[in-house]
Amino acid sequence: MMDFCLLDILTALLLTVGCFLGISGGVGLYRLPDFFTRQHATGVTDSVCSFAILFALMLQAGFTLVSVKLCFVLVFLIVTSTTATHALAKTALKKGIRPLLGREDKR
Amino acid sequence: MYVASALAILVVMGLTLVRAILGPTAFDRLLAVNMFGTKTVLLIAVVGFMTERPDFLDIALVYALVNFLSTLAVLRFFERQISEGTAPTGEG
Amino acid sequence: MSWVGHYNYWVAIFLMMSGFYVVISRGNLIKKLIGLNVFSTSVFLLYISMGKVNGGTAPIYCEHIHPGQLFSNPVPHVLILTAIVVGVATTAVGLALTVRINERYGTIEEDEIRAKDDSL
Amino acid sequence: MEAAVDIVLLSFLCVTVIVIVYIRKLFCAIMLLGIFSLLSASLFITMDAVDVAFTEAAVGTGISSILLLSALSLTHTRERRPSHQPYLALLVVAVTGAVLVYGTMDLPPFGDPDSAIHRHMAVRFIVDSPQEVGPPNVVTSVLASYRGYDTLGEATVIFTAGIALVGLLGFSRRKEFKVRLGGVLPDTTPVAVQVLDASNAPSTDHLVLRIVGKMFIPLIMLFALYVQFHGDYGPGGGFQAGVIFASAIMLYAMIFNVEKAMLVVTPTALRLLAVLGLMLYGGVGVLCMFLGGNFLDYNVLAHEPLHGQHLGIFLIELGVGITVFAIMVTMFYALGNRKGGSA
């Protein structure tokens, strides 16, 4: 009985962390000034937020097929989203978008 | 618990949607679409648990796949534009 | 209650009319195809909304379904499943036509194509 | 609580579609269409239509945005301002919409279990299909067995669309096309010919993409096979599996090159596969007739009716999967491999 409660508390904690990171990433995507900083914001949500939420669900599912599938989703998400971010930044640079530098650096 | 997370994910989706609509450059929009896809994957997983039928995670996997695929398609579109020399700036 | 009860249908109608508006008022052929896509998605939405049963679940049997569980209606799902694939096939044919028109006329704007047709 | 998620998603859909209507940059419209179909697929999930959501995710978001982008890169990326005011169109749309909204007043409210469409056919399908047909997924048994004729028709429509596309764009004669593009047509620019020669240039420097792609393409194919053969027990089936398998090939084509992908899966093989899939479907039907049943009556395929049903559904789902795969890749080749248009 005890460890059920512990699992539930852990799940709730991870979900809270995930949602908080997700919302902060969303606000960052909305508020930050240029493409590269926004990409930083999405990086936060894509990696840690997905990890926290999917891991919380995995805790609830236990050792079942559902957990295995969640694990697949997690691995796939983490690998592809980092790859997509990398390729996106590279193409953006190639296309002539430059990072917005701070005021001191502005010449 | 699941309902609260689902609503939080919906809030994030809303913010992302705003960026996709405003986004000054095409890359901002693409970034927003990419993040929207990731959030959809999470939403599906959470809704599956919320409705007590969590065995439909295949769909989430497909979403992750398709998200990657469409991002690549757009990148290919940009590279094609670069190699053709049209639209040198990323506006649009 | 009735407001919530018909919200789905109204949104479907709104989307349908938006798609219809794009198709009849815009001259750009690709934009027209986008409008057509919106229109068809709205039809899918309408059908699936009709098939939903309150308290129902997805029409797939598995071991932890207790007897007497309501299921949503599978018939609209079947209709729409095939309609989606057919819809993308239609879009592809439309795009192919657009590409050919662009190669021949050099434009995908409807009124310019018509002007070129008249000048021939 | 599902209702809250439902309503928020529907409102997002409305916002997205308004922007799609107003925006003039076609690229943005396509991006927003991607979001639109993601949203609608999430809605399908909250409304219990998991199979539909599966298809919409793979087809609506993936394939149709890829095809639209391919076509867009062959044409112009900006929409011109229309020359006339759209008041008449607005009027027509408003009147039609008002009539339709008036029509919804007579509809039963959303989710009403007593409404007419849940009363007759659906009850029979849900209650009797485990004994009559077998698969736990009722959607699969309706799709493949009860409505087998209909699905055969849909597969034929997709096949016809593929033929039409090849007839319009003809992907296999690239060399002749190049000559024609350079020489005969006067209104084409020479840039197009250069692009054709420099077609190896894009994506060669994305090393990370190549490695990740190499890692994932086999897994995606495996997943497609899982979806194909697990379709009786969970969401999935021939349509979805065909599209996912096709998207593995598309991933290969996008990371490496369309020409290289065409060496792996040749257009001739695709044409053969498309025909083969459809013939498998029709052949099962004819075989049923030879064994003494009706067309597509799988009960006669084995000694036990349920085994026969199982075998029949397996075969025709396979046929659908093969056809859909072949046609989707054909479409991608035809649109993605055409280089440049007139400017």
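A salt bridge is a side-chain nitrogen of Lys or Arg within 4 Å of a carboxyl oxygen of Asp or Glu. In this predicted model, the side chains of B:Asp58 and A:Lys69 form such a pair, at 3.1 Å from N to O. Over all chains, the count comes to 10 salt bridges. Side chains of opposite charge can pair when their charged atoms come close.

Five pairs of chains touch, and chains C and D make the most contacts among them. Chains A and C, by contrast, share no contact. Their closest C-alpha atoms lie 13 Å apart.

Chain C gives 75 residues to the contact and chain D gives 103 residues. About 8100 Å² is buried between chain C and chain D. Carbon and sulfur atoms account for 74% of that area. One salt bridge is counted between the two chains. C:Lys52 and D:Asp48 form it through their side chains, at 3.1 Å from N to O. Polar contacts across the interface of chain C and chain D amount to 20 residue pairs, with both residues at pLDDT 80 or more. On the side of chain C that touches chain D, the elements giving two or more residues are helix H1 (2-25), helix H2 (29-51), helix H3 (74-105) and helix H4 (110-119) of chain C. H3(C) supplies the largest share of this side, 24 residues. By class, the side of chain C that touches chain D has 46 nonpolar, 20 polar and nine charged residues.

H3(C) also packs against H3(D). The axes of H3(C) and H3(D) come within 10 Å and cross at roughly 0°. The two helices are therefore roughly parallel. Residues of H3(C) in this contact include C:His77, C:Ile80, C:Leu81, C:Ile84 and C:Asn102. Among their partners in H3(D) are D:Asp51, D:Val52, D:Thr55, D:Glu56 and D:Leu74. The contact of H3(C) with H3(D) has 15 nonpolar, four polar and two charged residues.

Within chain D, helix H2 (residues 26-46) and helix H3 (residues 50-74) have axes that come within 8 Å and cross at roughly 175°. An angle over 145 degrees counts as roughly antiparallel, so H2(D) is roughly antiparallel to H3(D). H2(D) contributes residues including D:Leu26, D:Phe27, D:Ile30, D:Leu33 and D:Gly34. H3(D) contributes D:Val52, D:Ala53, D:Glu56, D:Ala57 and D:Gly60, among others. The contact of H2(D) with H3(D) divides into 14 nonpolar, six polar and one charged residues. D:Val52 and D:Glu56 take part here and also in the contact with H3(C).

H2(D) meets chain B as well. Helix H2 (residues 26-50) of chain B and H2(D) pack at an angle of about 5°, with axes 10 Å apart. H2(B) and H2(D) are therefore roughly parallel to each other. Contact residues of H2(B) include B:Ala26, B:Arg29, B:Leu30 and B:Val47. Those of H2(D) include D:Phe27, D:Cys28, D:Met31 and D:Thr46. The residues of the contact of H2(B) with H2(D) comprise 14 nonpolar, four polar and one charged. D:Phe27 takes part in this contact and in the contact of H2(D) with H3(D).

Technical notes. Residues numbered from 1 in each chain as written. Chains lettered and ligands numbered in written order. Predicted model: local features only at pLDDT ≥ 70, side-chain atom pairs only at ≥ 80, totals over all residues. Heavy atoms only, no water. Axes fitted to C-alpha atoms, helices over the stretch in contact; angles between N-to-C directions. Helix = DSSP H or I, 4+ residues; strand = E, 2+ residues; numbered from the N terminus. Parallel < 35°, antiparallel > 145°, perpendicular 65-115°, else oblique. Contact = heavy atoms within 4.5 Å. Nonpolar A, V, L, I, M, F, W, Y, C, P; charged D, E, K, R; others polar. Buried area = accessible area lost by both parts, 1.4 Å probe. Polar contact = N/O pair within 3.5 Å; in protein donor to acceptor, adjacent residues only side chain to side chain.
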